[in-house]
Amino acid sequence: MEKELRQAVKQAASTYYKKIYGKKCEFKYIPPSGKLLDEQDLLNMIDASLDMWLTAGRFNDQFEKDFAQFLGVTFALSTNSGSSANLLALSALTSPKLGEKRLRRGDEVITVATGFPTTVNPIIQQGLIPVFVDSEIGTYNIDAAQIETALSPKTKAIFIAHTLGNMFDMDKIESICQKHHLWLIEDSCDALGAEWKGKKAGTIGHIGTYSFYPAHHLTMGEGGAVVTNDPQLYRIMLSFRDWGRDCWCKPGTDNTCKSRFNRQLGNLPFGYDHKYTYSHIGFNLKITDWQAALGVSQLKKLPAYIQKRIDNAAYLTKHLADLKDYFILPEIKSGCKPSWFGYLISVKKEAPFTKQQLVEYLETHGIGTRQLFAGNLLRQPSMVTDEIALRIGNSPVLKSCDLTEKEYSLLPNTDFIMNHTFWVGTFPALGEAELARTVETIHTFVKEKTMG
């Protein structure tokens, strides 16, 4: 009876989808990013809802298994957002279980100011000192040649993002990490499916992070993941994600370790329930099975989504190439196969117009644009505080509220990106008609500014 009823509900949902959402979307306003959902996504979400299992369950187990297999890693752990994935990854490196390799308050982490704030926020939140290195123009990733000059005896990790699906120089950065015994966290929230010499983004460093927000390569609505090949790091991240508990039993299961009542940890009495024993100051960053069900369905379409993003970026490069006197188009390192989150364009300093003028023109004419997130994070209001200590390059430690133009000048490319760079969409729902309209609008703007 239950099987038949479930099938009837799903059949009704299928009919609903076809009638309400079955038509191809026509864009009056071309968004720079967005979700792409189909009938199977809806059916999976309904299937999970009918289970009446509200936390992570069978769909989450399937997603973590499938996601690890797609990336070619040993362990994948779902989280409730990409930002939580970053928090989880960095927090795991502070675990006492890592002994002398753990990060302690006051240790330094190499990062960049060009990007999304939740790559840097966990460094600050864990009492560590972010050390900012400038970015490259063209790839918009960290300038790897400047990293070693920014190191100090307190530097213990590198935590940076692959910018909009274009990977940073993994050969140089992996070599630096090995030489100086540094942890490497690859923030791959915008780079799912990108590859460096055949290895996928997020699988080369010690920990990789991903986001499944609607704008990303696959979506759960809200959601994210961390991955690693290190069983100790996996166990530590599982603990931090699940309240900091020492127990690794999945929801709805007990006594996986077979030692639930016959161990002594901390200063607890012998036999205290292992299910309620905590080894870290953790969080609750789990997802629901409803989200995981959507992820399972989305993951099956991910290769096609990635290829469409690659094709869309190639179209934009081809049809904007004649405007290189005015724009810097994306550059790709040898060995990198990007998985484009968006298409970055920089307006050259000598152009007869500004980024602001172009962005406003595009928006007015129905073409969505985005900044490269925070632009220069050090100029954001959140940094006007005496509670954040940081370094820039090989400069001494100072408070973020004490930054002046002298310090900002140490990151010239970061400021250039803030002032001259924006991006337009490549996401899979955009077809040639939308891309052609984007290209035509940019050409029209340039013509008006150069021949008007």
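1. Leaving aside its neighbours within four places in sequence, Gln126 is in contact (heavy atoms within 4.5 Å) with Leu90, Ser91, Thr94, Arg105 and Phe283. With one of these, Ser91, the side chain of Gln126 makes a side-chain to side-chain polar contact at 2.8 Å; a polar contact is a pair of N or O atoms within 3.5 Å, where, within protein, one must be able to donate a hydrogen and the other to accept it, and residues adjacent in sequence count only if both atoms are side-chain atoms.

2. This is a predicted model, in which local features need pLDDT of at least 70 and side-chain atom pairs count only at pLDDT 80 or more, while totals for chains, interfaces and linings use all residues. Residues are numbered from 1 along each chain as its sequence is written, and side-chain values use heavy atoms, with hydrogens and water left out.

3. Gln126 lies in the loop between α5 (117–125) and β3 (129–132), where helices (H or I, at least four residues) and strands (E, at least two) are DSSP runs numbered from the N terminus. Strand β3 pairs (at least two DSSP bridges between the strands) with β14 (residues 389–392) in the parallel sense over two bridges, and Phe132 stands opposite Ile392 in β14.

4. Strand β14 is also joined by two bridges to β15 (residues 398–399), and these two run antiparallel, with Leu390 opposite Leu398 in β15. Five residues lie between the strands of this hairpin, in which Gly393 takes a positive phi near 60°.

5. Helix α9 (residues 289–320) bends by about 50° at Lys301, and Pro303 follows within four residues; the bend is the angle between axes fitted to the seven residues ending there and the seven starting there.
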